[in-house]
Amino acid sequence: MEKFKHVADLLVKYHTVLGYSLLSLLTAGGERLFSSVVFQCPCSATWNLPYSLVFLLVPALILFLLGCLLSTRAKWLMTGCCAARKEEGCDEAGPGLCASLTVCCHFTLAAAVAPITWIAVALLGGGFYECAASGSTWVSRLLCPAQEASCSEQLPQVPCQKAKPENVQELLKELKAHSQVAGWALIALVVIALLIFTSITRCRAPVNFLHFKFWKLYGKKEEEILMNEAENHATKLAKENVKSFFDGSQPQEFRLPNSKDWEKISVRHTFNPGSQYYSVLHKYVKKQKDDCNA
């Protein structure tokens, strides 16, 4: 039983990494299945390039848009952003804009995991690139000698194993090599970019490592408790209203935060070591307490 508890604790602790890993594996498996079952290179000088680009980029775009659509951070950023609000002070506007840009970067990077995986796996497989490059005039000038006119004409047939001269058909190996090099280069660039982004984010953090861990732990626990309390209050209010509807009785009064209170705690928090507020809710509660004591 202790072993299962230990495994469960590890799953909870590293759920984000495991989630992205599972998403990448599913995307890679889907790409392999998609390329082997659905994709059929037309082996035409006119259609090879556009057909392959559609199969390579359109699914990646769909995965990116789905990632943005399902992102909690994106929902937080977009909900109510077009509603008319009274202008706030400059001290509130600055951090809000900075925090919104940070959130935008975070959910964009998170949503890019699946499409980048799709493109990288597709390039490592080579099928899409081979078909696309064989229909490109630029690649044709690069691979085919100027004196062999038949090479340019037969190159679009290479992915279908229908090129007549044997030396032209052997260009398939070179196209596959190009594709795999591009795939590994893309993976290396993404890892380097992620390393740079993480390093800059950590270096610009306003607190040290242990303080940062406490801040993140507090935020996680506060969100869990807030959701539990919100569910309890919503359940009690719904039960009271339904009971009042059927019984014709007066509903019991519930103290609920008003719209301004919800708006105040919905602003993205930027940590300031001088104030020691670990969240917007923490800041709101402390200010309410100070106002009552004044």
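**View A. Surroundings of valine 158 in the predicted model.** Leaving aside neighbours within four places in sequence, valine 158 is in contact (heavy atoms within 4.5 Å) with Ala163, Val168, Gln169 and Leu172. The model is predicted, with local features requiring pLDDT of at least 70 and side-chain atom pairs counted only at pLDDT 80 or more, while totals for chains, interfaces and linings use all residues. Residues are numbered from 1 along each chain as its sequence is written, and side-chain values use heavy atoms, with hydrogens and water left out.

**View B. The largest nonpolar core.** A nonpolar core is a set of buried Ala, Val, Leu, Ile, Met, Phe, Trp, Tyr and Cys residues joined through side-chain atoms within 4.5 Å, where buried means under 20% relative accessible area with a 1.4 Å probe, protein chains only. The largest such core has 12 residues in all, including Val158, Ala163, Val168 and Leu172 together with Cys144 and Cys151. Helix H8 (137-143) and helix H11 (171-203) are the elements that give two or more residues to this core, and H11 gives the most, with three residues. Apart from this core lies another, of 10 residues, among them Phe55, Ala60, Trp118 and Phe128.

**View C. The protein chain as a whole.** The protein chain holds 14 helices and zero strands, helices being DSSP runs of H or I with at least four residues and strands runs of E with at least two, numbered from the N terminus. Of the 294 residues in the protein chain, 24% are buried. Among contacts with a separation of 6 or more, 65% are accounted for by residues 24 or more positions apart. The accessible surface, from the Shrake-Rupley method with a 1.4 Å probe, comes to about 20600 Å², of which 66% belongs to carbon and sulfur atoms.

Methods
Buried < 20%, exposed > 50% of the residue type's maximum accessible area, 1.4 Å probe, protein only.
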